[in-house]
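I'll jot down what I look up as I go.

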Amino acid sequence: MERSLRGTVAIAGVGETAYYKRGQAPDAEFKLALMAVLAACEDAGISPKQVDGFASFSNDRSDPSRLAAALGIHDLRFANMQWGGGGGGGSGALANAAAAVATGMAECVVVFRALAQGQFGRFGQGPVRNAISGDGAHTVPYGLMSPAQSFAMKVKRFMHEHGVEQSALRALSLASYHHAQNNPRAVMYGRPLTEEKYDDSRWIVEPFHLFDCCLENDGAAAMVVVPAQRAKDYAHKPTYLLGAVSGSHYRAGASVHNAPDYATSTFKTCAPRLYDMAQVGPGDVDVLQCYENFTGGVLMSIVEHGFCEPDECNEFLVKENLVAPDGKLPTNTSGGNLAECYMHGLGLNIEAVRQIRGESSNQVEDVDVSMVVSGPMVTPVSSCIFGTEATL
Amino acid sequence: MSGGGTGYLHSGLPKPVPAPDGLDAPFWEGVAEGKLKLQRCRACGRWQWGPEWICHNCHSDDLVFEEVPPVGRIYSFERVWHPVHPALKNQGPYIVVLVEFPEHDQARIVGNLLGDPHQDVVIGDEVHAVFEHHQDEDPAFTLVQWQVA
């Protein structure tokens, strides 16, 4: 028997809370989680009491047993956490949920992420304490302590090796902000970005300008995973999972920036597995959601998922190629982590489903294959591909 | 030197101390004496950094910290502008370098590049270590900084 997730599960519902600038959510993080679960169940047209599993990532604080208690769930069958990797776990959590549903461990698993950076601390700040030990002792005292600072080092090396210019990073930022202007959910709705505004923005850490960096937000997002056989019992056009993978390459987790293959989004081993499982190639992908912690990670992910060669970045990564509906590779069509909301990337998975359904605020025509890349440059990373019924 | 202390960066950042389990203690003992020591496997000869409890190549636990010449090459770098820690609020830009030791199985360590924070930095340039001692801090510590040869 072939072992694959391909076509075994479907996404019956998606939902999110309103998205807020960090510190501005009126509700506690745990309530935000509940609200996202309720929204996703309403979207699917099911009672939240039918949910029998939860999967999340990045040590989400909203404990599945407490969620099940709060929701009055009768039979919790699956409670799963994708280990490590921060936002690199988004599609990994979906893969785990899919594995549970595909194998009969559970029938209806909610993948979720709730994050109130305003309530629990910002990702973009360094540790304030007298002493530090472990891996951090070898970086923090040198002023290398934030995600932007950790990843700029990789991106700088990649740009050096392949002659990538700043304009390629800028194009990715412009595309996200462009799409956000049509998306009322987006935190940056009504706040367009121009080339001049990008160029004039301050450096955070070279090669990242302010607009190369993700937002810090409060909110929650959720999606309902069900067996493919029942996909047509729900309210919307079915979205099937064609593939979902996670992982990392040889010694990606070597500490103090010692991964032998360093200047990478970490997808070199994952991307071939994803395409193999999904039985599609990069040329089949109609629309891409590609996690922007920082634009440089998007750039390397696009290369490592086979959309362009490393030495073609300057030509391929221009705004007209990246915007819906007519770009060669419409990317981050909700505004993504840069301009819709940084819900640790799960918003990208929801947007990918909306593209399959034809419900995006920046809809690409005739989408059959819709792809998500989660959390580049960390370890483990993950990515997934959704398809319409026609792709099965 | 920038103001606010005797180091490249203003004082007030977290001070490095050996891991509670002792994994990297010989490294910190070495730099306090002005010696750069990285981990090497006595069974297969492989260098590795950061430190591990066993050799990633042959899985022996017969590991030692061995001194390496304090000379490396810039593998990557970044100029930081936005302060993410209160101690760096008035620091201005500073340069972090990732220094590689090509003769030691491409082990890399992180440091600052001394000199003008606006200087042009060239990947591949040879750099020499400068041991930056902070004896008056509590706890005392030593950082390994770098200077273009």
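**Entry 1: the contact**

I reminded myself first that this is a predicted model. Then I looked at where chain A and chain B meet. I found 45 residues of chain B in the contact, with 42 residues coming from chain A. The buried area between the two chains comes to about 3,700 Å², and carbon and sulfur atoms give 54% of that.

Next I checked for charged pairs. The rule finds two salt bridges across the interface of chain B and chain A. I wrote down one of these: the side chains of Glu52(B) and Arg251(A) meet at 3.8 Å, N to O.

Which parts of chain B supply the side that touches chain A? I listed the elements that each give at least two residues: strands E1 (15–16), E5 (71–80), E6 (94–101), E7 (107–112) and E9 (141–148), plus helix H1 (25–32). E5(B) has the largest share, with six residues. Sorted by class, this side of chain B has 28 nonpolar, ten polar and seven charged residues.

**Entry 2: a pairing between chains**

Strand E6 of chain A, residues 131–132, is joined to E1(B) by two bridges, and the two run parallel. I picked out one partner pair here: Ala131(A) goes with Lys15(B).

**Entry 3: strand E1 of chain A**

Is strand E1 of chain A, residues 9–16, mostly covered or mostly open? I found it mostly covered, with eight of its eight residues buried.

I then traced its partners. Seven bridges tie E1(A) to strand E9 (residues 217–227) of chain A, and the pairing is antiparallel. E1(A) also pairs with strand E10 (residues 239–247) of chain A, again antiparallel, over two bridges. Ala10(A) turned up in my notes for both: its bridge partner in E9(A) is Val226(A), and in E10(A) it stands opposite Tyr240(A).

**Entry 4: a sheet in chain B**

In chain B I followed an open sheet of three strands, in the order E3-E2-E4, with antiparallel pairing. Strands E3 (47–48) and E4 (63–67) are at the edges, each pairing on one side only. Strand E2 (residues 37–41) meets E3(B) over two bridges. Gln39(B) stands opposite Gln48(B) there.

**Entry 5: cis peptide bonds**

I noted a cis bond from Glu206(A) to Pro207(A), with omega near 10°. Pro207(A) sits in the loop between strands E7 (203–205) and E8 (208–209) of chain A. In chain B, Trp49(B) and Gly50(B) are joined by a cis bond too, with omega about -5°. I placed Gly50(B) in the loop between E3 and E4 of chain B.

**Entry 6: positive phi**

Last, I looked up two residues of chain A. Asn59(A) is not a glycine, yet its phi is about 50°. I found Asn59(A) in the loop between strand E3 (53–57) and helix H2 (64–71) of chain A. His344(A) has a positive phi near 55°, and its place is the loop between helices H12 (336–339) and H13 (346–357) of chain A.

Is Asn59(A) buried or exposed? Asn59(A) is exposed, because its relative accessible area of 57% is over the 50% cut-off. His344(A) counts as buried, because its relative accessible area is 3%, under the 20% limit.

Methods. Residues are numbered from 1 along each chain as its sequence is written. Chains are lettered from A and ligands numbered from 1 in the order in which they are written. This is a predicted model: local features need pLDDT of at least 70, side-chain atom pairs count only at pLDDT 80 or more; totals for chains, interfaces and linings use all residues. Side-chain values use heavy atoms; hydrogens and water are left out. Contact means heavy atoms within 4.5 Å. Buried area is the accessible area (1.4 Å probe) that two parts lose on being put together, summed over both. A salt bridge is a side-chain nitrogen of Lys or Arg within 4 Å of a carboxyl oxygen of Asp or Glu. Helices (H or I, at least four residues) and strands (E, at least two) are DSSP runs, numbered from the N terminus. Ala, Val, Leu, Ile, Met, Phe, Trp, Tyr, Cys and Pro count as nonpolar, Asp, Glu, Lys and Arg as charged, and the others, Gly among them, as polar. Two strands pair if DSSP finds at least two bridges between them. Buried means under 20% relative accessible area, exposed over 50%, partly exposed in between (1.4 Å probe, protein chains only).
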